[in-house]
Amino acid sequence: MKSHYDLIAIGAGSAGLGIAIAMKRLGFSVLLVDRYDHRIGGDCLNDGCVPSKALIHVSRLIHNAKRTQPFGWKTEGKTDLAAVMQYVRERQDIIRVHENADYLRQTEGLDVELGTAKFVGSQEIEISRDNQPGRLVSARNIVLCTGSKPQTLTVDGIEQVNIHTNETLFSLETLPERLLIVGSGPVGIELGQAFQRLGSQVTVVGAEDRILSKELPDVSDILQKRLTEEGIEFKLSRTVKSFPHPNSAELVLENGSTELVEFDVVLVAIGRTFNFDELNLSAAGIDLDDKGRIKLNDYLQTTNEHVFAAGDAAAGLPAGQRYFSHAAELHVSTLITNFITPGQILDKKLSYDYFSWVTFTDPEVATFGLSEDDLKKRTISYERVAYDFAHDDRAVIEDYAYAKLILFTEPSGINPFGTRILGGTMIAPNAGELAQELILAIQKKLTAGDFFNKIYPYPTASRINKSVWVDHISDNLPDVVKKAVNWLY
Ligand SMILES: Cc1cc2nc3c(=O)[nH]c(=O)nc-3n(C[C@H](O)[C@H](O)[C@H](O)COP(=O)(O)OP(=O)(O)OC[C@H]3O[C@@H](n4cnc5c(N)ncnc54)[C@H](O)[C@@H]3O)c2cc1C
Ligand SMILES: NC(=O)c1ccc[n+]([C@@H]2O[C@H](COP(=O)([O-])OP(=O)(O)OC[C@H]3O[C@@H](n4cnc5c(N)ncnc54)[C@H](O)[C@@H]3O)[C@@H](O)[C@H]2O)c1
């Protein structure tokens, strides 16, 4: 193996794999480093997106089977969690066939080194295993793709509790009767619904007064109501004060009063922290900010001009933090564009203006483009257009009339057909798929007229993307336009 590369990627998760493979395919010499072969694929493959979505898939099958009872079917039985986790592992193994060191070496032609990387100079790292002195390698540019790990909960009595994070949860073999989830963000809520559907009694404790606090309150309210109907108990505006007993948690409310909840297993899902401790960042002149994130400029560059960050490790971006596999994809494409663009003046700044994400609950929540907060901060004029699926035939047929689409659009003006979408949120079954057309519309600056003129097969669920405009345009047609068409008739 070489000792100097065009690029070294530290960490082989979504970010590291993405940049290493793309740069190698472009003809650069690339070294990809991760601690162990089985960590290749990072959080997403090993203990994030893939296992959680596989678990959600099985839990949905079980839930849907139970819903056939009113039509004469009898469904009974108990979830065999060992079999469910076996299914999860099998899905991971299928993906792992092309996410492992041998495959990457042989098929992608990458140099892959297994070991822990630490900086020993501004463009030089040492890769060691088992704390033994390791190999020294340098590169023109180094990209930190070291990801994130779960925040730990530090309260009295925690050592006596059967406690898990997303890193250990998927090795459970027996379904907990009572699962206490601390944290009401996407990890807690997605996995909470999955375990409730598998048969656990789930209680969610959240510090804030609503679940999924990064979403609009309208949306989190609808979701919370539906999850409550499925049997999840919510203990919001509360934190865990202590675990006085291996099976009970003392919760503290905002007014200082306390209450006890009983459980068998705890899942902690209270956000993310970073893997910077072993990297010896100071040896390369890489500074952290006061929140422990790597200081970055808009071009994902650290305080060392040859070192960049991507993926969860890039939480210190001026544009804000986004912990998603596809945020890593966006970081990678921005970095590569800038690496191969002549002259810094043409470099692309990282922007989340067209970014989107999906929370894979049932119903799903899809959020895209500029948020209402972004619009207010940037003093951009907008209108809030809300559409209830109660008026949509497909939603009536398939019993999701509770669903909702909220768009932030340009003000209608004299020609409502020319209005464009700026951002929005949808809560509905398959919202993640339904919203893709809206996301493309934002990116390609499509107008209300483009949707209006499209004929959607009846009764496709995506007709909603037109219906919202039909109602909005009808409501906002200026009198002068009505007079003109009446005259023309
Ligand atoms: C339960 C859960 C569900 C999720 N679901 C989704 C989802 O549905 N969709 C979505 O988009 N996102 C989802 N995410 C988020 C997503 O998993 C992460 O944003 C993504 O995996 C981050 O990728 P990354 O490459 O930045 O980091 P990681 O995947 O964490 O990879 C970092 C790698 O760096 C290695 N590393 C760290 N330090 C060193 C070092 N010093 N030397 C060598 N190697 C090192 C680690 O071993 C690791 O393999 C989910 C997260 C969780 C926890
Ligand atoms: N579908 C997806 O794309 C998906 C799914 C899961 C996770 N993720 C990513 O993973 C990241 C991490 O998710 P997460 O849910 O762990 O974190 P999060 O930061 O999004 O949410 C954590 C929640 O826990 C609460 N909390 C913090 N400390 C607490 C305490 N002591 N007691 C009670 N509540 C407490 C916070 O107020 C917050 O609401 C997310 O930001 C998301 O980007 C994405």
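Begin at H245, whose bridge partner in β13 is S248. Strands here are DSSP runs of E of at least two residues, helices are runs of H or I of at least four residues, and both are numbered from the N terminus. The model is a predicted one, in which local features need pLDDT of at least 70 and side-chain atom pairs count only at pLDDT 80 or more, whereas totals for chains, interfaces and linings use all residues. Residues are numbered from 1 along each chain as its sequence is written, and chains are lettered from A and ligands numbered from 1 in the order in which they are written.

**The sheet.** Select β13 (residues 248-253) together with β12; 5 bridges join the two strands, which run antiparallel. Two strands count as paired if DSSP finds at least two bridges between them.

**Ligand 2.** Next, display the 26 residues around ligand 2, of which G183, G185, V187, I270 and G271 come nearest. A residue belongs to such a shell if its C-beta atom, placed from the backbone, lies within 6 Å of the molecule. The elements giving two or more residues to this shell are α6 (186-198), β10 (201-206), β12 (238-245) and β18 (356-359). The largest share, 4 residues, comes from α6. Domain 2 (174-269) and domain 3 (356-478) each supply at least three residues; these bounds come from an automatic or database domain assignment.

**Ligand 1.** Now move to ligand 1, surrounded by 38 residues, the closest being G11, G13, G42, G147 and G311. Among the elements giving two or more residues to this shell are α1 (14-25), β2 (30-34) and α8 (325-339). By class, the shell around ligand 1 has 15 nonpolar, 16 polar and 7 charged residues. Ala, Val, Leu, Ile, Met, Phe, Trp, Tyr, Cys and Pro count as nonpolar, Asp, Glu, Lys and Arg as charged, and the others, including Gly, as polar.

**Annotated span.** The end C-alpha atoms of residues 5-318 lie 29 Å apart, and the span is 27% helix and 26% strand.
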